[in-house]
Amino acid sequence: MEPPYFYLFKKLTRTFFLITLLTTFVSSLEVKQCRKFKSIISFGDSITDTGNLLGLSDADNLPHSAFPPYGETFFHFPTGRYSNGRLIIDFIAEYLGLPYLPPFYGSQNASFEKGVNFAVAGATALEQSVLENRGIYYDYTNVSLGVQFKSFKESLPNICGSPADCKEMIGNALLIVGEIGGNDYNYGFLVGKTVEELKEMVPLVISSISSVITELVNMGGKTIMVPADFPIGCWTAFLTQYQISNKEVYDPLTGCLKWLNEFIEYHNKELQEEINRIQNLYPHVTILYADYYNALLRIFQEPAKFGFTSGRPLSACCGTGGPYNFNSMSWCGTKKVDSCTDPSKYVHWDGFHLTESAYRWIAMGFLKGPYTIPAYDWSCPGFEINNGPAADIQFSFSSR
């Protein structure tokens, strides 16, 4: 016969097991529960620009993205996007069942009820004056992250009305801050700055991004996605600029410049640590680190697996000359510069930007994959997901 204390022990153990099981079940529901976003609000640069630079430009001085072959694959005409078709932000909108984000600048009578895009091609995280004080001069655009965020705040009365309505709108939106900061470094490298000099800028870039994240939280933001910078050591333009015969500077698996990628890894590490710090301060908010870096690097590591040409994965589709089909004096979108016959086989579009196919794979990498920290369930819209032939998971995005 079992002693009374043994029977009590079994009862307590069974009760504890049931409580643990119930807690685990409830917790799993909480983890899997996603937010049904009503809109997207985005800030960034050319990786996200859906037409803002075009809207800001003078008719006599239009950007390259205003001319063919930009936009040829999906929209069939230039939209101001720096690609042959859709961008990452377009695939996010499709998956969430929302319309493509209208550009804020230059839009007339556009509805921002379901989203608005402030990203401007060429934008930096730091103000132009800060970069110029460090000897980094550029004339592409002065619409920095701070300028974009100021435009957002000033436009709120027209977008959502009262402060209470605006707080609700921001809380129900997916807020995307970036990718931003890449141009701060790009411009620096293009004028000959060293890694050591640009490393001194990293805390300033991170601080600029951090201040926008924090202010969005204080304005009622509940879900904020912050993308990492891309591996610019794989950028066609930099591979052309820094081309040397010493094979040791190149990654033997990808052919990318190791030292440039190591610098971006440093930036991304600092960015992720800052996101973690903010997350600890605001545990009620979801701050997602979108790992654009590794999502793209994986493509360069196994291009054929994703349907890209394995022989020249680092060459530009739209360009001319040299081993990487890139010439800084002959840009895509200008006369006598042709594009490849099948952009879907190329990762690079014009030397600094990617093709629609590459952007699509990157979007899939964090919409259904390992490239968000923490992992996030985006599946509540209920869009169909099909298994693809080239990778583990493929989304059935719309085609045209």
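Predicted model: local features only at pLDDT ≥ 70, side-chain atom pairs only at ≥ 80, totals over all residues.
Strands of a sheet pair through backbone hydrogen bonds, in either a parallel or an antiparallel arrangement. Strand β3 (residues 173–177) and strand β4 (residues 223–227) run parallel and are joined by 3 bridges. In one of the residue pairings between these strands, L174 has T223 of β4 as its bridge partner.

A pair of helices comes next. Helix α9 (residues 202–218) packs with helix α11 (residues 258–281) at an angle of about 35°, and their axes are 10 Å apart. The crossing of α9 and α11 is right-handed. On the α9 side, the contact is made by V202, V205, I206, I209, S210, I213 and T214. Helix α11 contributes F263, Y266, H267, E270, L271, E274, R277 and I278. By class, the residues of this contact between α9 and α11 comprise 9 nonpolar, 3 polar and 3 charged.

The remaining features are spaces in the model. The largest pocket holds about 650 Å³. It is lined by 33 residues, and N183, Y187, L190, W331 and F352 are the closest to its centre. Helices α7 (182–190) and α10 (236–241) each supply at least two residues of this lining, with α7 giving the most, 5 residues. The lining of the largest pocket is made up of 18 nonpolar, 10 polar and 5 charged residues.

The second largest pocket holds about 320 Å³ of space. Its lining has 15 residues, of which S57, N61, L62, P63 and Y140 lie nearest the centre. These lining residues divide by class into 7 nonpolar, 6 polar and 2 charged.

What lines the largest cavity? The structure holds 1 cavity of 30 Å³ or more, and the largest cavity has about 40 Å³ of space. Its lining consists of I47, T48, I88, I89, I176, G178 and Y292. One of the lining residues, I176, falls within strand β3 (residues 173–177).

Terms used:
Residues numbered from 1 in each chain as written. Heavy atoms only, no water. 1 Å grid on protein atoms, 1.4 Å probe; cavity = no way out; pocket = protein on both sides within 12 Å on 5 of 7 lines; lining within 4 Å. Points joined across faces, edges and corners; volume = space filled by probe spheres on them. Pairing = 2+ DSSP bridges. Helix = DSSP H or I, 4+ residues; strand = E, 2+ residues; numbered from the N terminus. Axes fitted to C-alpha atoms, helices over the stretch in contact; angles between N-to-C directions. Left-handed = near helix turned anticlockwise from the far one by under 90°. Contact = heavy atoms within 4.5 Å. Nonpolar A, V, L, I, M, F, W, Y, C, P; charged D, E, K, R; others polar.
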